[in-house]
Amino acid sequence: MQALLAMWAEKFTVYPDGAELPTHHDHCLGCGPNNPHGHHLRALRHGDGVQAWHTFDNRHVGAPGIVHGGAVATVVDDLYGCLLFLEGGPAVTRQLTIEYLAPVLIGAEYRLQADVVRREGRKLFVAARATEPAGRAVITSTAVFVKVSVEHFAQGSPPGVPAD
Ligand SMILES: CCCCCCCC(=O)SCCNC(=O)CCNC(=O)[C@H](O)C(C)(C)COP(=O)(O)OP(=O)(O)OC[C@H]1O[C@@H](n2cnc3c(N)ncnc32)[C@H](O)[C@@H]1OP(=O)(O)O
């Protein structure tokens with residue numbers, strides 16, 4: 001676990017515009033490449049924010065043909081988690097809101113964008129949206145993240161339980 005946390009701290013560095021951002025870790029539900037239930041999200045720096053193109057598949061279905069709202073929230077939350085790589089240090093979700101404006105469809109590609117709206121002490125106020133290729137927004141979101149030290153995540157590895 002300590003090695004994982006040390007490796008993770010190195011990910012909070014400078015990324016040029018357009019650069020692909022790292023994953024949180026291999027088994028992250030949002031972006032981990034080795035999580036068989038995961039979304040395998042890949043995010044790029046886009047200006048001062050992040051963007052991703054994402055297609056949900058049948059593992060994330062809610063109503064037939066339509067993505068489960070919780071799966072959408074997972075991806076948006078993780079996209080914010082990628083935005084944190086541009087903020088120099090980790091933070092965690094304290095509040096997440098999603099406006100489901102139109103059904104998100106299985107098999108359709110969406111563009112996701114997330115940006116920091118403002119910083120206030122330990123708090124980051126962020127906003128995101130997912131749009132169809134033609135530009136119509138299907139979801140909008142806001143969230144409050146609170147900055148924490150890397151040690152915050154050591155809570156997730158109680159004695160005797162492997163980190164992954
Ligand atoms: C790099 C990370 C990977 C990201 C992966 C994707 C994101 C995630 O899934 S993170 C996992 C889910 N989230 C969590 O597990 C977080 C669980 N919550 C916690 O651990 C704690 O509540 C924590 C650390 C966020 C804050 O704890 P603590 O500092 O004791 O809280 P508290 O002092 O009450 O609130 C912190 C600040 O937020 C403010 N605040 C709290 N709620 C809100 C809100 N809804 N809106 C605005 N501000 C708020 C408080 O007023 C306070 O402000 P200030 O610093 O000015 O006093």
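Predicted model: local features only at pLDDT ≥ 70, side-chain atom pairs only at ≥ 80, totals over all residues.
Asp 78 sits in helix α2, which covers residues 69–83. Which side chain of opposite charge is nearest to this buried residue? That is Arg 42, but Arg 42 is 7.4 Å away, and Asp 78 has no salt bridge; the cut-off to hold against that distance is 4 Å, counted from a side-chain nitrogen of Lys or Arg to a carboxyl oxygen of Asp or Glu. What the side chain of Asp 78 does have is a polar contact, at 3.2 Å, with the side chain of His 24.

Let me turn now to the ligand, which has 16 residues around it, with Asp 77, Thr 93, Arg 94, Arg 122 and Lys 123 coming nearest. An N or O atom in the side chain of Asp 77 lies 3.1 Å from an oxygen atom of the ligand, while in the case of Lys 123 a side-chain N or O atom is 3.0 Å from a ligand oxygen. With Thr 93 the backbone is involved, one of its N or O atoms being 3.1 Å from a nitrogen atom of the ligand. On its own the ligand has 1200 Å² of accessible area, and the protein covers 57% of that.

Where does the shell come from? Helix α2, β3 (91–100) and β6 (137–147) each supply at least two of its residues, and β3 gives the largest share, with 5 residues.

Key
Residues numbered from 1 in each chain as written. Heavy atoms only, no water. Helix = DSSP H or I, 4+ residues; strand = E, 2+ residues; numbered from the N terminus. Buried < 20%, exposed > 50% of the residue type's maximum accessible area, 1.4 Å probe, protein only. Lys, Arg positive; Asp, Glu negative; His and termini not counted. Polar contact = N/O pair within 3.5 Å; in protein donor to acceptor, adjacent residues only side chain to side chain. Near = heavy atom within 4 Å. Areas by Shrake-Rupley, 256 points an atom, 1.4 Å probe, with all protein chains shown as cover.
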